[in-house]
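Work through the exercises below with the model open. Try each task before reading its solution.

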Amino acid sequence: KSGRDIIEVTKEICAMVTGPVSAEVTATDAETMIAEGRKLVEIAENIAVKVPLTWDGLKACKVLSDDGHMVNVTLCFSANQALIAAKAGATFISPFIGRLDDIN
């Protein structure tokens, strides 16, 4: 929204933050997610590639985590989904807490 290059802004954020910074892929298919993720991790060492919890997102998570990259899986609506994402190699899982609270 600022009109600035997203890569440059992300580099600045990564330089300010000592921990992981999630950078989200925009693709919907595994192959393109993997390609985008590999480009995102070149921005900075502390990038965690953020992928959706879909079948293609899980495939991308597996490949990217096997490559040694941090992966943040989002759109998680249940504990079972979180377990599947963890088994796919997710470093982080971003659940929708409100939805999990609704279940209990």
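**Exercise 1. Helix 1**

Task: Find which residues of helix 1 are buried, and name strands included in what covers them.

Solution: 
- Step 1. The cover over the buried residues of helix 1 includes strand 1 and strand 2. Note that the model is predicted.
- Step 2. The buried residues in helix 1 are Val9, Thr10 and Cys14.
- Step 3. Look down the axis. These residues span an arc of only 135°, so they sit on the same side of helix 1.
- Step 4. Turn to the face pointing away from that buried side. Ala15 and Met16 are exposed there.

**Exercise 2. The nonpolar patch**

Task: Identify the residues that make the nonpolar surface patch of about 280 Å². Then classify Val17 as buried, partly exposed or exposed.

Solution: 
- Step 1. Ile13, Met16 and Val17 make the patch.
- Step 2. Apply the cut-offs: buried is under 20%, exposed is over 50%. Val17 has a relative accessible area of 34%, so Val17 is partly exposed.

**Exercise 3. Helix 2**

Task: Decide how the buried residues of helix 2 are arranged around its axis, and list what they pack against.

Solution: 
- Step 1. Helix 2 covers residues 30–40, and its buried residues are Ala30, Met33, Ile34, Gly37 and Leu40.
- Step 2. Viewed down the axis of helix 2, they fall within an arc of 125°, so they line one face.
- Step 3. Check the other side of helix 2. Glu31 and Lys39 are exposed there.
- Step 4. Find the partners. The buried residues of helix 2 pack against strand 1, strand 2 (47–52) and helix 3 (55–66).

**Exercise 4. The aromatic pair**

Task: How many aromatic pairs does the structure hold? Work out why the rings of Phe77 and Phe96 get their geometric class.

Solution: 
- Step 1. The structure holds 1 aromatic pair.
- Step 2. The ring centres of Phe77 and Phe96 are 5.0 Å apart, with the planes at 20°. Planes under 30 degrees apart count as stacked, so this pair is stacked.
- Step 3. Locate both rings. Phe77 is in the loop between strand 3 (70–76) and helix 4 (79–87). Phe96 is in the loop between strand 4 (92–95) and helix 5 (97–103). The pair therefore ties together parts 19 residues apart in sequence.
- Step 4. Check accessibility. Phe77 is partly exposed at 28%, and Phe96 is partly exposed at 36%.

Technical notes:
Residues are numbered from 1 along each chain as its sequence is written. This is a predicted model: local features need pLDDT of at least 70, side-chain atom pairs count only at pLDDT 80 or more; totals for chains, interfaces and linings use all residues. Side-chain values use heavy atoms; hydrogens and water are left out. Patches are made of residues with over 30% relative accessible area and no salt bridge: like charges are joined within 9 Å, nonpolar side chains (Val, Leu, Ile, Met, Phe, Trp, Tyr) within 5 Å. Accessible areas come from the Shrake-Rupley method with a 1.4 Å probe; for residues, only the protein chains shown count as cover. A salt bridge is a side-chain nitrogen of Lys or Arg within 4 Å of a carboxyl oxygen of Asp or Glu. Buried means under 20% relative accessible area, exposed over 50%, partly exposed in between (1.4 Å probe, protein chains only). Rings of Phe, Tyr and Trp (its six-membered ring) pair if their centres lie within 6.5 Å; planes under 30 degrees apart count as stacked, over 60 as edge-to-face and the rest as tilted. Helices (H or I, at least four residues) and strands (E, at least two) are DSSP runs, numbered from the N terminus. The arc is that of the directions from the helix axis to the C-beta atoms. Contact means heavy atoms within 4.5 Å.
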